[in-house]
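Welcome, and thanks for taking a look at this one with us.

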Amino acid sequence: MSTRPRLPFLKGHGTENDFVIVPDLDGHLDLSAAAVARICDRRAGVGGDGLIRVVRSSAHPEARAMADRADWFMDYRNSDGSIAEMCGNGVRVFARYLQRAGLAEAGDLAIATRAGVRHIHIAKAPADGPGEGAADGEGAITVVMGKALLPEPGPEGDITVSVGERSWPARHVNMGNPHAVAFVDELDHAGNLFTAPGVRPAAAYPHGTNVEFVVDRGPRHIAMRVHERGSGETRSCGTGACAVMVAAARRDGVDPAVTGHPVTYTVDVPGGRLVISERPDGTVEMTGPAVIVAEGELDAAWLDTALG
């Protein structure tokens, strides 16, 4: 019989990008990549696009330098157990967990991530039902995502994305993590996205990349599918939605730094809708829902085998 205590967890999603949330406030838990992959397994585990460990910034070696600016650190892992710098949908779900657990209230808060401190605003629940980007009975969450970086092509040449026999030019956008954004005629041209699309030159993304395929739906309204590095196709990607918004604005000849006016795009993802804005100072904001759907405990005997 296992002597290991059961491990509490929650399940949440942001526009159906779903996560296993593991509260480990004082940073005692050591989760290997293999353990994360087993927990995120949709058939043999809880299932999720990734795992979010909730840790006090002061208790995590990667976040201690940010502890004076953010009390909480989002230790985010992809579903294969690999570490990711940032997850836009995940940080909204992280904030919703803090609110649910009584560790944060509606209003402003800061969360430390491997891509730096992210500032969050949790809207109060609307009295007349959910509005744009809100879940039932809960206010929408806005994340200040930082500034997009748009690296110029290196000496190897322009970025190209390919699926099967098709290929498209792509825009390199970095939102704290890397993205290759390709505009296509039809979203199904992206194929099944179970495996990573081809991206060249490989030297542009030495650690791999997320790949977004984008179509137009109307004025300042786009839709996307995404292959997330380390997770495969997901129903939504927050940093990806920000990357495609910036890429679309530049394609459309819109740069708030030049016009002096913010610009907003609606971004449809398979799991819902996000609203992305870019300010004249280059800061990108994302607004969308975040929902906690379940909580429970991982069985101690199963956990013994998962953790090894």
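## A short tour of the packing

In this predicted model, the buried residues of helix α1 pack against strands β2 (17-23), β3 (50-56), β4 (72-78) and β18 (291-298), and against helix α5 (300-307).

**Helix α1**

- Helix α1 spans residues 33-40, and its buried residues are Ala35, Val36, Ile39 and Cys40.
- These four residues sit on the same side of α1, because they cover an arc of only 130 degrees around the axis.
- As background, an α-helix has 3.6 residues a turn, so residues three or four places apart point the same way.

**Aromatic pairs**

- How many aromatic pairs does a search of the whole structure find? It finds two.
- One of them joins phenylalanine 19 and tyrosine 76: the ring centres are 5.8 Å apart and the planes stand at 75 degrees, so this pair is edge-to-face.
- Phenylalanine 19 belongs to strand β2 and tyrosine 76 to strand β4, so their pairing ties together parts that are 57 residues apart in sequence.
- Phenylalanine 19 and tyrosine 76 are both buried.
- Tryptophan 168 and phenylalanine 213 also form an edge-to-face pair, because their planes lie at 80 degrees, with 5.6 Å between the ring centres.
- This pair, too, links distant parts of the chain: tryptophan 168 is in strand β9 (residues 166-174) and phenylalanine 213 in strand β12 (residues 210-218), 45 residues apart.
- Tryptophan 168 and phenylalanine 213 are both buried.

**A charge over a ring**

- Where does the charged end of arginine 251 sit? It sits over the ring of phenylalanine 183, at 4.4 Å from the ring centre.

**Arginine 53**

- Is arginine 53 buried or exposed? Its relative accessible area is 7%, and buried means under 20%, so arginine 53 is buried.
- Arginine 53 is found in strand β3, one of the strands that the buried residues of α1 pack against.
- The side chain of arginine 53 makes a polar contact of 2.8 Å with the side chain of aspartate 75.
- Another polar contact, of 3.4 Å, joins the side chains of arginine 53 and histidine 60.
- Leaving aside neighbours within four places in sequence, the residues in contact with arginine 53 include Val22, Asp24, Gly27, Leu29, Leu31, Phe73, Met74 and Phe94.

Note on methods: Residues are numbered from 1 along each chain as its sequence is written. This is a predicted model: local features need pLDDT of at least 70, side-chain atom pairs count only at pLDDT 80 or more; totals for chains, interfaces and linings use all residues. Side-chain values use heavy atoms; hydrogens and water are left out. Buried means under 20% relative accessible area, exposed over 50%, partly exposed in between (1.4 Å probe, protein chains only). Helices (H or I, at least four residues) and strands (E, at least two) are DSSP runs, numbered from the N terminus. The arc is that of the directions from the helix axis to the C-beta atoms. Contact means heavy atoms within 4.5 Å. Rings of Phe, Tyr and Trp (its six-membered ring) pair if their centres lie within 6.5 Å; planes under 30 degrees apart count as stacked, over 60 as edge-to-face and the rest as tilted. A charge sits over a ring if NZ of Lys or CZ of Arg is within 6 Å of the ring centre and within 35 degrees of the ring normal. A polar contact is a pair of N or O atoms within 3.5 Å; within protein, one must be able to donate a hydrogen and the other to accept it, and residues adjacent in sequence count only if both atoms are side-chain atoms.
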